[in-house]
Amino acid sequence: MALRRILSAALLSHGVIARLAGSAGASAPRQLHGRFLHISDIHPDEFYLAHSSTDEAEACHRGKGPAGVFGAETSDCDSPFALVEATFEWIRANVKDDIDFVVWTGDSARHDSDEDIPRNQSQVLGTNRWIADKFVELFRHPEEDQGLEVPVVPTLGNNDILPHNILLAGPNPWLQHYTQIWHHFIPEAQRHSFEFGGWFFVEVIPNRLAVFSLNTLYFFDRNAGVDGCANPSEPGFKQMEWLRVQLGFMRQRGMKAILMGHVPPARTDSKKLWDETCWQKYTLWLQQYRDVVVAGLYGHMNIDHFLIQDTHDVDLAAISGLSEEELSTREAMEDELSIQSATDYLQELRNGWSKLNPPPTPPKSAASRKKPKGGKKKKGHKGGDKKKRRDIWGERYQLTLVAPSIVPNYFPTLRIVEYNISGLENAPVWANKPKTLLPAVHGGAPQKHLDLRDISVEIEAAAKKKPKKKPAKDKKPKDPNLIIPDPPSRTAAPGPGYLPQPLSLTGYTQYFANLTYINNLTLSFTEESEPEFMQSWVDWIIQRWRQGKHRGKTPDTKKPQPREFSFEVEYSTFTDRIYKLKDLTVNSYVDLAYRMGQRAKRNAFELDSRKWAEDEEQEGDEAESEEEDGTSDDEDGASDTDEQVEAQRKGKGKKSGDKKGRKHKKKKGKKKNRAWLHFLKHAFVGTLEKEDLWKLD
């Protein structure tokens, strides 16, 4: 079986199976590009005023202050309409013709942060309708009055409803409103699902790839209107059952799925965003459908990072709501994170990453495969022995990518994700498929009845299939409402989230708009404000309402004079030397997370921030020269910490008395985990100074 699985993996990685399946299809006028746009948390604010104050009491709606034409970067003010207009114009000029679909992960209304102008339903729905119309205008099919050339997949954010965070079980008026607003985006056959619970999917590549829009508000721990995913009467339970059934159909049809939503399944030892029963069931579902699911894409948190779910944390008792200890361990995460609280959250993730089982490193030569002296196997860190290396594809773990936002809490950001289309170059595209009905699914039942039917019928049927056994005396009672999906076939190749193959994510390029440069503000303190705001860096790092780096300043000119708006590349996973991501498979991220999780010894952190900043600038200069001459002494830009991790993989560790090792360390002169600092830098979209990153670490 293992041999058959490896053979299947080899065929998939070279696109052979995809070519065989796709050869019968007729070529389409529009071809796939292998790219899609992920955009999140736009938060348009119709009351935003340029040159207004970023103080909490004014919220960029009045007063005099450093708010720029295109936004007040690093503050908690929302997005001016000028930023939204400029963003869509940039997409039109630079992205529109080179992508296959759009993932839009919610929050298209302003925050309710101004007591003088409280939000109302008309405003929330109005800005959502405005953004939806912009997508329609941008991607409208030239030959169809109502159709789109590129599918757009939206999802509900926690600020897209009133009051924010609270959405009752559907059908309800909010879901009815969004059914109308998003009628261009929700397929006709999926509208029953959306009206019922706000969830649906779109076959962005017909019969090949579907994007599932999950209503994460029913998983969100701060939604006091619902109660998790354990009780069959709860919308979270119903949505999970819908997802289980639909992923089963995807498997039957040989399709793959990308899952997306607004609130990510963030979870640390002390904090969580989802109800624990929902996180448990979601993680179990993804484990059982790991041959189908490509990845999860989310927003909400405004910081650029990723999550790795560990299936070893799955607890069937917790899924059913029976484990009191598991359910009470973690507190709900704060609604809005300061830079300090966001860093604390990332540090907790890092602590978990340090315990991951890293991917095995293949031997580089025959000599490296020799047994150590004495004939005994040398044990290293986790994953160093043969037993722990059996999971060569990393199928124990799952990947969630959390994108930063358009709203300039840092800098406005969007990303273009690329995926493998080997063998799919001539596959029919979404623009040319019928827009009315989906292909018939196996099982014969109409789609709408699967979405709305009583789940208890299937539960009873599943119970009858299993032979009755006498319950063991020491076992906990099983939940009769829990139907665990079948895992992949034992001979099936790993899915696209684990093994590079058609539809696997290969990388992304992240773009940002440098509003400090674009807004072109000349600012200065007033005599009254200077003593108050000339304080330490801690003030703007820890405050709950962020006034931004320009707090307390006012513009020297009456008329705004912004520069031309544009996004520029912040970084690309294809070329980033420190991340070293070969692709966006789980193993690539587990390797990165494990490297970031390792910490050097105490004396490795005795460099001061000035020295580290100098090293970073020197590294940038060296990188530029290396690109010019094509040579590199340190190709990946890794620190000694990264080298120590690599040594651990091979079971080699430098002894404290090793003179050669000490000499090398002295020459290198850097001990910081540069991968981690690099990650922190991008988490806040480059808005923090190097000294600030040092202090946060």
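## Strands E6 and E7

Phe200 has Ser213 as its bridge partner in E7. Helices (H or I, at least four residues) and strands (E, at least two) are DSSP runs numbered from the N terminus. Strand E7 covers residues 209–213 and pairs with E6 in the antiparallel sense over 4 bridges; two strands count as paired if DSSP finds at least two bridges between them. The hairpin of E6 and E7 has 3 residues between the strands, and Asn207 takes a positive phi near 65° there. In E6, 6 of the 6 residues are buried, so this strand is largely enclosed by the rest of the structure.

## Basis of the values

This is a predicted model, in which local features need pLDDT of at least 70 and side-chain atom pairs count only at pLDDT 80 or more, while totals for chains, interfaces and linings use all residues. Residues are numbered from 1 along each chain as its sequence is written, and side-chain values use heavy atoms, with hydrogens and water left out.

## Surroundings of Ser213

Ser213 counts as buried because its relative accessibility is 0%; buried means under 20% relative accessible area, exposed over 50%, and partly exposed in between (1.4 Å probe, protein chains only). A polar atom of the Ser213 side chain lies 2.6 Å from the backbone oxygen of Pro154. The side chains of Ser213 and Thr155 make a polar contact at 3.3 Å. A polar contact is a pair of N or O atoms within 3.5 Å; within protein, one must be able to donate a hydrogen and the other to accept it, and residues adjacent in sequence count only if both atoms are side-chain atoms.

Apart from neighbours within four places in sequence, the residues in contact (heavy atoms within 4.5 Å) with Ser213 include Val153, Gly198, Trp199 and Met260.

## The sheet

The open sheet has 6 strands in the order E6-E7-E8-E10-E13-E11, with mixed pairing. E6 (200–205) and E11 (305–310) stand at the edges with a single partner strand each, so one side of each is left without a neighbour in the sheet. Strand E8 (residues 256–260) pairs with strand E10 (residues 293–298) in the parallel sense over 4 bridges, and Gly296 in E10 is the bridge partner of Leu259.
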